[in-house]
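Hi there,

Here is the structure I promised to pass on to you. Have a look at it first, and then read my notes below with the model open beside them.

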Amino acid sequence: MSARCAPKTSCRVPPILTLVHTSAALLATGSLAFVLWTGLEERGTALTFGVLIAVGELNRRSGPHVREAAPLGAAGALSYALLGESAGAPTHHGAAQVVTVVLAASLVGSVPHVGRGQGPLADQLARRVLTVGFAAVCFQPLYNQGTFAQWGGPAYALLLLALLSLTALCDAVLAAALAHSRTRWPFGPLLRDELRALLGIGSAVVATGAVMALAVAVAGLWALPVFSVPLLLTQLSVRRYAAVRCTYRQTIASLARATEIAGYTPAGHAHRVAALSREVGRDLGLSRPELTVLEYAALMHDIGQLSLVDPVPAGATASLPLAEQRRIALLGGAVVRQTGVDAAVAVVVERQADPCREQPLAARIVRAVNAYEEKARDAGPGGPLTALEELRLGTAGDYAPEVVEALARVLSRDCLTSPATG
Amino acid sequence: MEAVPARARAYVACVAVAALLCLLPLPAVRTPWWEVALLAALSAGCEQAAAHRRFAGTFYPVLLAGAFLLPPPAAALVALPGALLSPVEQRPRGLRRVWRAAQLTVGVWAAARVHGAMGGRDTVLASDFPYALVPAVVAVLVFCLVLSLLDGGILALAVGAPPTPFGQWGRIPVRRAWRGLFLRSLAPVAVHGLAGLMMAVLWRSPYGPVAALLVLLPMCVSWWVFAQYHRERAAHQATIRALVQAVDIKDEYTRGHSERVGQASMMIARELGMDDDRIEVLRFAGILHDVGKLGVPTRLLRKDGPLTPQERRIIELHPEYGHEMVRGISFLGEARAAVLHHHERLDGSGYPYGLTGGQIPESARVVAVADAFDAMTSTRSYRRARPVCAALEELERCAGSQFDPRMVTALVHALSRHGWHPAVTADEPGVPRPRPAVPGPTGARR
């Protein structure tokens, strides 16, 4: 399942990716050259922020369900970009120095991760360099010219907040564009997911970045360790949340395997249907929460068969009479309702055998993918194509045309022509 | 309101009077009223949001920021409206509100008093940094100490009475209760204290209260994520139960059996002095031990009539089926071994592998005893339930050959102390169907 969630790299590098990487590299080398030419201003401050960012990077956590992998690093970098004073004395570092320090600290902090062979490092670094560069270029030259000198205290705080929010928006667009070019998933839903994540941990990062810049301006560098603690706590909570989500997923997958062990469905069937449903759902532009509902429903779509006294041959429900299919679906919905999973999952399971015009989209997807999986499973080398053809012919009544088309796209794109690869 | 002892009421009244005494000098000090009003409104708003979204715990940063900014009586006043207005779910609501308000008022007053006496308010104003930390840390310690002393007092006076902070039952040694309360609350309050200090420093800085408000945002996000974590965990546990209910669909005879075995396993584990995480894992082991019956054909589980040896063999596959199902759930830990081995016997005559003595995992030995105990003491359609004492005698008779004597002794001790009150939620007395006298696939056979 997770293998499919992971971004796939194609052989031809998409133009957006090249553009982002090149501009990040240009910005980084330009800044580095400038700093080498002029030398570092206020080394103590630079070093402290560098250490903070590096520590944040060291605590980076990667995984398919983590939105902001290194919130402390991100907040530290942003606050350094917007730092105008330290303990009441004005600072003199420019945008070039900000980019250089952030880049160096991020590289140092990523060494252990690279050693363990984790993560597409280039994308994260490029994003970090570009967003921090954007914030610093917006703020530092104007500040050093004294443009903000006559702004009052509270107005200045609000200005920092507005700048950071703008930066976060740009970062979300950049992240969605990168994910889109890497995975070729539709851009709209990716951007929507990124923007939604901004409301959660993203807002904490933005607020912390602003507060750190202000607190250092008032209290000096002592404010950094004091204020890192709440953000570390947030990071810890996020991590525990991700962990419990992960075990939850494992439990649902085990529940799904109950029908396989009981001999009602062939081994791996629920898993394959879930993975393929997720791909189809993504192709149709479902959002992240909707995809989770779809995946859980696909995993548990056969659970109603447990209440049959005798197994259906090979678990092939698609060939049963419609009334029987509906009965099994309703029984499955009843089991799912007891599980405490989101009620939306139960609805999808319940309605998977309804005529497709009355079904919610997720139920249509589960129904079509399940039928495809059952038909293609034992049909030999030509099976997938024959199965797809049968679904197309049946679209008038049973299977939703747009879902079948999305399925065809996914299959041709990911070369999932053999179901055994699931 | 029936269960509140008079001494608990008197105690709450005393604390309330102390709180009023804290507020009494209010007219004498120079109070910055708009700051008090703003902080109180913030605090009350956070409380309301917390109750609305079912967050856990109180949101202290605003209260502590008040303690770092204001003179003691004014700081104490900040806590009052939020605590009095906060929605309370359990009865008696009035008493709980008064208790909460009084406790927080006294705590905040003490913290502000100590902070002020150490010159903390000046260090905050001058944002004099390493030194501003000292009074703040001491104030946080005092705040924590006062809260846990007051909580401990009510625990000691009236255990189980409504204002008890945790839903505890049974008597708790006073000293242990106090120490536990203090240590448990110290870490979260310390983090809230740091945020409160930052808030206070920024409040007094040129950037003013606007910047101070920004401090609250990451704290709120952290709090929200924490609540999400608890919600997800609850959903997860419900799902584990669903694994068991899936067995119930197939085999109606043993309804409620799994939950009760979980409870008995937990009692044994607690009696053996295991730590909390392990106790929880053993409860899951008990709940899930028969999950492999999902893999046994329904016809066989519901068969009316004696089982043939071949059918017995198929039923005896259920530990392996169960293990196959749960082995992918990593957090279950040693519970997975318990699912696989709960039908092993000490003398090696059990299944699936015929392990002997210490080869059998400890968790499996616990679940085996709990399973057999519940099988004997619950009513099955083919026989009446045996009384608890008869079941224990039977367990003791088989200790050494079938069961681990240590687990049997632990169960006997735990039952003599707490009694056996199985939760009967899922235990509906259905219409008994004829069932063969041949023992079913539970641990009751001998």
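**What I found**

Leaving aside the neighbours within four places in sequence, A:Ser110 is in contact with A:Glu57 and A:Leu121. Please keep in mind as you read that this is a predicted model.

Let me stay with that serine for a moment. A:Ser110 sits in helix α5 of chain A, which covers residues 95-115. Is A:Ser110 buried or exposed? Its relative accessible area is 3%, so A:Ser110 counts as buried, the cut-off for that word being under 20%. The side chain of A:Ser110 also reaches the backbone oxygen of A:Ser106, at 2.4 Å.

Now for a residue in the other chain. B:Arg93 belongs to helix α5 of chain B, residues 93-117. With a relative accessible area of 36%, B:Arg93 is partly exposed, because that label applies between 20% and 50%.

**Inside each chain**

Chain A is divided into domain 1 (11-245) and domain 2 (262-421). Where these two domains of chain A touch, 11 residues come from domain 1 and 12 residues from domain 2. The area buried between domain 1 and domain 2 of chain A is about 920 Å², and carbon and sulfur atoms give 44% of that. How many salt bridges are there between domain 1 of chain A and domain 2 of chain A? The count is zero, while two residue pairs are in polar contact between these domains of chain A. On the side of domain 1 of chain A that touches domain 2, helix α8 (residues 187-219) of chain A provides the largest share, four residues. Sorted by class, that side of domain 1 of chain A has six charged, four nonpolar and one polar residues.

Chain B is divided as well, into domain 1 (6-231) and domain 2 (251-418). Taken over C-alpha atoms, the centres of these two domains of chain B are 47 Å apart.

**Where the two chains meet**

Next, please look at the contact between chain B and chain A. Chain B brings 52 residues to this contact and chain A brings 55 residues. Together the two chains bury about 5000 Å², with 74% of it on carbon and sulfur atoms.

Which side chains meet in a salt bridge here? They are those of A:Arg257 and B:Glu324, at 2.6 Å from N to O. The count between chain B and chain A is one salt bridge, and there are two residue pairs in polar contact between the chains.

Several helices of chain B each supply at least two residues of the side that touches chain A: α7 (129-157), α8 (174-204), α9 (208-250), α12 (298-301) and α14 (318-326). Of the helices, α9(B) gives the most to that side of chain B, with 26 residues. By class, the side of chain B that touches chain A has 34 nonpolar, 11 polar and seven charged residues.

Happy exploring, and do write back with any questions!

Best wishes

Terms used. Residues are numbered from 1 along each chain as its sequence is written. Chains are lettered from A and ligands numbered from 1 in the order in which they are written. This is a predicted model: local features need pLDDT of at least 70, side-chain atom pairs count only at pLDDT 80 or more; totals for chains, interfaces and linings use all residues. Side-chain values use heavy atoms; hydrogens and water are left out. Domain bounds come from an automatic or database domain assignment. Contact means heavy atoms within 4.5 Å. Buried area is the accessible area (1.4 Å probe) that two parts lose on being put together, summed over both. A salt bridge is a side-chain nitrogen of Lys or Arg within 4 Å of a carboxyl oxygen of Asp or Glu. A polar contact is a pair of N or O atoms within 3.5 Å; within protein, one must be able to donate a hydrogen and the other to accept it, and residues adjacent in sequence count only if both atoms are side-chain atoms. Ala, Val, Leu, Ile, Met, Phe, Trp, Tyr, Cys and Pro count as nonpolar, Asp, Glu, Lys and Arg as charged, and the others, Gly among them, as polar. Buried means under 20% relative accessible area, exposed over 50%, partly exposed in between (1.4 Å probe, protein chains only).
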